[in-house]
Every structure is written in C-alpha cells, then in structure tokens.
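Welcome, and please open your viewer. We will take a short walk from a single residue out to the whole chain.

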Amino acid sequence: MKFIARITFCFLVAFLGSSQGVLVAQVSDHEDNLAACRNGLESCNRSDLTDAESRDIAVSMHQRNLADCRSKEKSCDRAQLTALETIAVDVAVHQTNVSNCLDGIGPCDHLALTIRESRAVALAEHQHNISRCKDGRQPCDTSKLSKHEMSDLAIADHQRNVSNCTDLIGPCDDSMLTLDEAKEIATAARARNLSYCSGGSGPCDRSRLSPAEMRAVLLAGHQRNSSACANGNDTCDYALLTASEVIALKVREQRRNLRACRTGYGYCDLSRLTREEVRTIAAEPPPAIR
C-alpha cells in the first residue's frame, strides 16, 4: 500500500508541475500578444484578447490615429474619426500651418491660408528677411528691401564690422572704418595687448609696448614669479629671483620646515635643523591628536 501511495503522490506532483508550466507559458504568450496588439503590430491576434482588453486596445488605437491625423502622418485614417474629431483635426492642422508660416519654421502651405492670414504671413516673412540681413545671416534677399531698409542695413553692417574689429570676433574690414573708429580700435587693441603681457595670459606682442609699458610688464612678471616661488608653485623660476628674494625665501622655508617638524604635519627634513632646534623638538611633548 505504501508503495502504491508513493507512486500516486509522485504522479500528482509531476502532473501539477507540468500543468503549472503550461499555465505560465500560456500567460506569457497572452502578455506578448497583448503587447503586440497595444503597439499595433501585425503579430497581434485579436481573438485571444478578452472583451475588456479589446475595448482598451480599440480606444488606444483610436487615440493614436487621432494623434496621427493631427500631425498629418501618412498613417492617419480619417474614416475612423467622428464628425467632431474631424473638425478638431482640421482646425489643429490649419493652426499649425499658420504658425509655421508666421514663424518661418516647419512646412508652410501658403495656399491653405486665408487672405488676412496671407497678409500677416507676408509681413512676418518680410520682417524675418530684414532680421537675417541685419544679422548677416542667410537667406537674405536685399531685392525685397526698401530704400529706408537698405539704409538701416548699411548701418547694421557697419556696426557689426566695427564690433568684429574691436572684439576680434568675425570678419573685420579695416577699410570700412572711419578715422575715429580706427583710432578707438587701435587704442583698445593696445590696451588688450598690455593686459595680456602684464597678466601673463593670452597672446602678448612685446614689440608693441612702449618703454614704460615694457618696464611695467617686466615688473609684473617678476612679482608674479616671486609670488609663485613663495607659494611653491610649479611656475616658479628660481633663476629669476634677486639675492634678497632668495634669502627671504630660504628664511621662510626654514620656518616652514621647523614648524612641520614640531607639529608633525607637512614635509620635515631633520637634516636642515640646527642642533638646538633638534634638542628643543626632542624635549617637547608630542602634539595632542585632535
């Protein structure tokens, strides 16, 4: 009896296990099919869906088609739209077209505009053309500009050239500058070169410096190098230090080394200490740990 019962138990376990595996596989297949239907894939089998799932997918597909029609996608099926939806789509498409035409961005169908809209778009396009011409951008059609607008454009071109020559950004035509503008730009360039030379940054042309400016630049460079040496920076050139600066730097370094040896913080070179300093440090209690 025990042997029969054990066989029966094993059979039930195997049956339940295989049934559960089949059930899991069926659920997985159903979820895959549901996802395919929601995404509008050809592999969708609508017959395997429940009534609730079919309704949800139908609503989703209808909303997706409505969005496609608003965006003028080729996949739009206007036959699936209701009367109100058709009107809403037509209004949205028209408004998008008007906006595109006014902004000069995106496709614009001029034939779909009303007479008042066409006038507004023509004015907007003219203003866009003026703006592009003044900014030196393309496309710029100067043939569409009035005499007054051409005069304003010439002023804008001149001002842009002055700005380019002053800031060294963009094309600069020196021949377009007036004498006063050329003098101001030369003064600004001289001041900028002096600033670069004094600060040690940017392109420096020392040949353009006066004797007084050269002395000031050399003094600034010496002070900058002295400060770098005092702070232990990599840019320090010890060969450029004066004798007094070398002495002061050695005294400062000796104090730093003594402080590091006493406190136990920083690089300490005991060989550079005097005998008295070594004895003093040895006699001092170790610094407290904070």
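Select I87 to begin: its relative accessibility is 51%, so it counts as exposed (exposed means over 50% relative accessible area, buried under 20%, partly exposed in between, with a 1.4 Å probe and protein chains only). I87 sits in helix α3. A note before moving on: this is a predicted model, where local features need pLDDT of at least 70, side-chain atom pairs count only at pLDDT 80 or more, and totals for chains, interfaces and linings use all residues. Residues are numbered from 1 along each chain as its sequence is written, and side-chain values use heavy atoms, leaving out hydrogens and water.

Next, colour residues 83-103, which make up helix α3 (helices are DSSP runs of H or I, at least four residues, and strands are runs of E, at least two, numbered from the N terminus). The 21 residues of α3 should span 30 Å at 1.5 Å a residue, and the end C-alpha atoms are 30 Å apart, which agrees; the expected span is 1.5 Å times one less than the number of residues.

Which residues of α3 are buried? They are E85, V89, A92, N97, V98, N100 and C101. Just after α3, look for G104, which takes a positive phi of about 70°.

Finally, zoom out. The protein has 9 helices and 0 strands, and 21% of its 290 residues count as buried.
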